[in-house]
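Please read it with the structure open.

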Amino acid sequence: MHEASIMQQVFDLAFEHQSRHPGSCIVRLRLRAGDLAGVIPEALCFAFEAMKPNTPAERAELEIERVPALLHCRACDRDFEPFEFPSACHSCGAWQTEVQRGTELELARIEMESAEM
Ligand SMILES: [Zn+2]
C-alpha cells in the first residue's frame, strides 16, 4: 500500500529525531498533506495505527493538516481553489492552469516527551 510506504518514511524520520533524545517518546506527529498529494488521510491513519505498536511512537497520535489545492490561471493571471482536479479557471474558463499549492506531503512537527524517572 502506497500510504504504508509513506508512513514508513515518516516513522524513519521521526525515530531518527527521537534517537537523539534518549529516553524520550513521541507523543504526536503532524503531517501536512496537500489535496493533490495523492494520499488518502484515512489510509495514512490506518498505516500509522498498524505500525506504531512496539516503537517509540506507540503512544503517539497522528494529526493530518490538509492543505487545499491552489491553481494559477496563465490566461487571466488569477489564483483559485479548484473544487476538483484538474479544473478549468473559475474566472475565465481556461484550462491553462498550473498548480501553486496542494502537492506537499511533509512531516511538519514531531512532539516528544521525556520518560518520567
Ligand atoms: Zn483564468
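**Helix crossing and sheet packing**

1. The crossing of helices α1 and α2 is right-handed. This is a predicted model. On the α1 side the contact is made by Glu3, Ala4, Ile6, Met7 and Phe11, and on the α2 side by Ala43, Leu44, Ala47, Phe48 and Met51.

2. As to geometry, α1 covers residues 2-19 and α2 residues 41-51, and their axes come within 9 Å of each other. The crossing angle is roughly 55°. Angles from 65 to 115 degrees would count as roughly perpendicular and those under 35 as roughly parallel, so α1 and α2 are oblique to each other.

3. The sheet is open and has three strands, in the order β2-β1-β6, with mixed pairing. Strands β2 (61-67) and β6 (105-114) lie at the edges, each pairing on one side only. From one strand to the next, the twist averages 20°.

4. Strand β1, residues 24-34, runs parallel to β2 and is joined to β2 by seven bridges. Within this pairing, Arg30 has Glu63 of β2 as its bridge partner.

5. Both helices named above also pack on the sheet. Helix α1 touches β1 and β6, and the direction of α1 makes about 40° with that of β6. Helix α2 touches β1 and β2, and the direction of α2 makes about 160° with that of β2.

How values were computed
Residues are numbered from 1 along each chain as its sequence is written. This is a predicted model: local features need pLDDT of at least 70, side-chain atom pairs count only at pLDDT 80 or more; totals for chains, interfaces and linings use all residues. Axes are lines fitted to C-alpha atoms, for helices over the stretch in contact, and angles run from 0 to 180 degrees between N-to-C directions. Helices (H or I, at least four residues) and strands (E, at least two) are DSSP runs, numbered from the N terminus. Angles under 35 degrees count as roughly parallel, over 145 as roughly antiparallel, 65 to 115 as roughly perpendicular and the rest as oblique. A crossing is left-handed if the near helix is turned anticlockwise from the far one by less than a right angle, and right-handed if clockwise. Two residues are in contact if their C-beta atoms, placed from the backbone, lie within 7 Å. Two strands pair if DSSP finds at least two bridges between them.
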